[in-house]
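Welcome! Here is a short briefing on one protein chain, arranged by topic so that you can follow along in the viewer.

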Amino acid sequence: MNRPDPRVPEPFAQNICFDPELIKRYGGRGPRYTSYPTALQFDEAFTAEQYEQAASLSNESGCPLSLYVHIPFCESLCYYCACNKIVTRNAERVDKYVGCLYREIEQQAALFDDDRVVEQLHFGGGTPTYLSNEQLCDLMTHLAGAFHLDTSDRHEFSIEVDPRTVDVNAIRVLAGLGFNRLSLGIQDFAADVQKAVNRVQSAEEVRALVEQARSSSFRSISFDLIYGLPHQTVDSFDRTLDQVIDMRPDRLAVYNYAHLPTRFKGQRMITEADLPLPETKLQILQHTINKVCDAGYVYIGMDHFALPGDELVRAQRNNTLQRNFQGYSTHSDCDLIGLGVSAIGKIGNTFAQNTTKTAEYEALIEAGTLPLKRGFAVDADDQLRAKVIQELMCHDQLAFAEFGKQNNIDFAAYFAPELTRLGPLVDDGLVTLGSEGIHITPRGRLLLRSIAMTFDRYLADDLNDGRFSKAI
Ligand code: SF4
């Protein structure tokens, strides 16, 4: 067992309070605010010309680039999964998609100046490591041929890894390709839970990968866990946490399983009677927070924890933490190019999303067009609200005078209706509201999205339609 890390700064260690009553009251559905506005506002009237114009303006700024590459394939279905993925063993289907991805890389690279440096790269899915080592090498060669990939210490190249699809040699290959961050999908180590969700992987296999990643100089290893899966109890999840803490990933994300079988067909394979009761889920969450913090992790926000030496903790302390499509991030100034089916990009003040249908994606690429489906041009009011939500979700506070000065507004006047709407949250102890600003209390830190929702001008239309997951 690991002891609490004496380097954990006291304010971080103490700055969270689990209040089951408040969580029950405020833990309903809501956006995760990896963007504002959320993708629900993206409009199909958006055109490739608008995107090209945004790219051209972005070249004038010359800011660094970030690439997101979506690999939608998986070898088998995890029953809890709500991702956009394709379960297949059909190699031809995969080859066709990868060929289209290469063409999209060329299309997109042609829009951006050659000297734009790619500081951040993320492979997500699906399962990026569904691709063979050779396919991943080819893909990186195409990216390096089309874009100026950063090779300095600043670069942050990450990949989501399904431990069942890689061995220690593959980890070495990924390191050789320039990846320096790994995110491993763990979910739970209990055998009965793994069987019930059709995702069986041993702790020993994961430990071997972690050890290889460390000796291959990966800068950061992140684990994803899920609570609320079938057969989980406080005791069973405690044993998983013991194993996880013993492996000491730099970052931990602990997600809530939302059972929505009418929306996600695979979830119908889960027997509802096996799911933990809502009270048990809350107890698992409370126990997880206590245990992980006692083990030396710092609560960042939402579902995320990190070790004190991790860049996320430093960024939160320096007020440079950001929220983007990968969750919490330390890179703020990049324009993001989304590559692959369903991928979302943000260029300047313009969001753009590729079609979510693979056949349509491939047809558009083959026709020589950008495979864009939807987009959104952010206006000045959206920008202000995005900054407010970012401040609250990353730094737990907002100073009216400073924010007003930076954005040329009188905060209290501009956001008067929103400050009134914060009233009940103040009464319930989630936030304090004074003449100088908003502070999120330790009780409110677990309910960040409920607080942020107060400033979302689009929300009324989107809530209660089942498209958002539950906050807790
Ligand atoms: S959880 Fe990951 S590996 Fe499992 S089906 Fe979903 S995307 Fe594929």
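The radius of gyration used here is taken over C-alpha atoms, and the globule rule it is compared with is 2.2 Å times the number of residues to the power 0.38. Please keep in mind that this is a predicted model.

**The chain as a whole**

- The chain is built with 19 helices and 20 strands.
- For 472 residues, a compact globule would have a radius of gyration near 23 Å, and the chain agrees with this, because its own value is 22 Å.
- Taken along the principal axes, the box filled by the C-alpha atoms is roughly 55 × 55 × 45 Å.

**Helix H4 and its partner H12**

- Helix H4 covers residues 91-109 and helix H12 covers residues 358-366; the two pack at an angle of about 50°, and their axes are 10 Å apart.
- That angle makes H4 oblique to H12, and the crossing is left-handed.
- On the H4 side, the contact is formed by Lys-96, Tyr-97, Cys-100, Arg-103 and Glu-104, which meet Thr-358, Tyr-361, Glu-362 and Ile-365 of H12.
- Sorted by class, the residues of this contact are four nonpolar, one polar and four charged.

**Helix H4 and its partner H5**

- H4 also pairs with H5: their axes come within 9 Å and cross at roughly 15°.
- This makes H4 roughly parallel to H5, with a right-handed crossing.
- Here Val-98, Tyr-102, Ile-105, Glu-106 and Ala-109 of H4 meet Gln-135, Leu-139, His-142, Leu-143 and Ala-146 of H5.
- The residues in this contact divide into seven nonpolar, two polar and one charged.

**Helices H9 and H10**

- Helix H9 (residues 234-247) packs with helix H10 (residues 278-294) at an angle of about 30°, and their axes are 9 Å apart.
- The crossing of H9 with H10 is right-handed.
- From H9, Val-234, Phe-237, Asp-238 and Leu-241 take part, meeting Thr-280, Gln-283, Ile-284, His-287, Thr-288, Lys-291 and Val-292 from H10.
- By class, this contact has five nonpolar, four polar and two charged residues.

**Around the ligand**

- Which residues are around the ligand? They are Cys-74, Leu-77, Cys-78, Cys-81, Cys-83, Lys-85, Gly-125, Gly-126, Thr-127, Asp-162 and Gly-185.
- This shell consists of five nonpolar, four polar and two charged residues.
- Gly-125 and Gly-126 are among the residues around the ligand, and the peptide bond from Gly-125 to Gly-126 is cis, with omega near 20°.
- You can find Gly-126 in the loop between strand S4 (117-125) and helix H5 (133-146).

**Backbone details to look for**

- As background, most peptide bonds are trans, and most residues other than glycine have a negative phi.
- The peptide bond from Tyr-36 to Pro-37 is cis, and its omega is near -5°.
- Pro-37 sits in the loop between helix H2 (20-26) and helix H3 (48-61).
- Asn-319 is a residue other than glycine with a positive phi, near 65°.
- To locate Asn-319, look in the loop between helix H11 (311-317) and strand S12 (322-324).

Note on methods. Residues numbered from 1 in each chain as written. Predicted model: local features only at pLDDT ≥ 70, side-chain atom pairs only at ≥ 80, totals over all residues. Axes fitted to C-alpha atoms, helices over the stretch in contact; angles between N-to-C directions. Helix = DSSP H or I, 4+ residues; strand = E, 2+ residues; numbered from the N terminus. Parallel < 35°, antiparallel > 145°, perpendicular 65-115°, else oblique. Left-handed = near helix turned anticlockwise from the far one by under 90°. Contact = placed C-beta atoms within 7 Å. Nonpolar A, V, L, I, M, F, W, Y, C, P; charged D, E, K, R; others polar. Near = placed C-beta within 6 Å.
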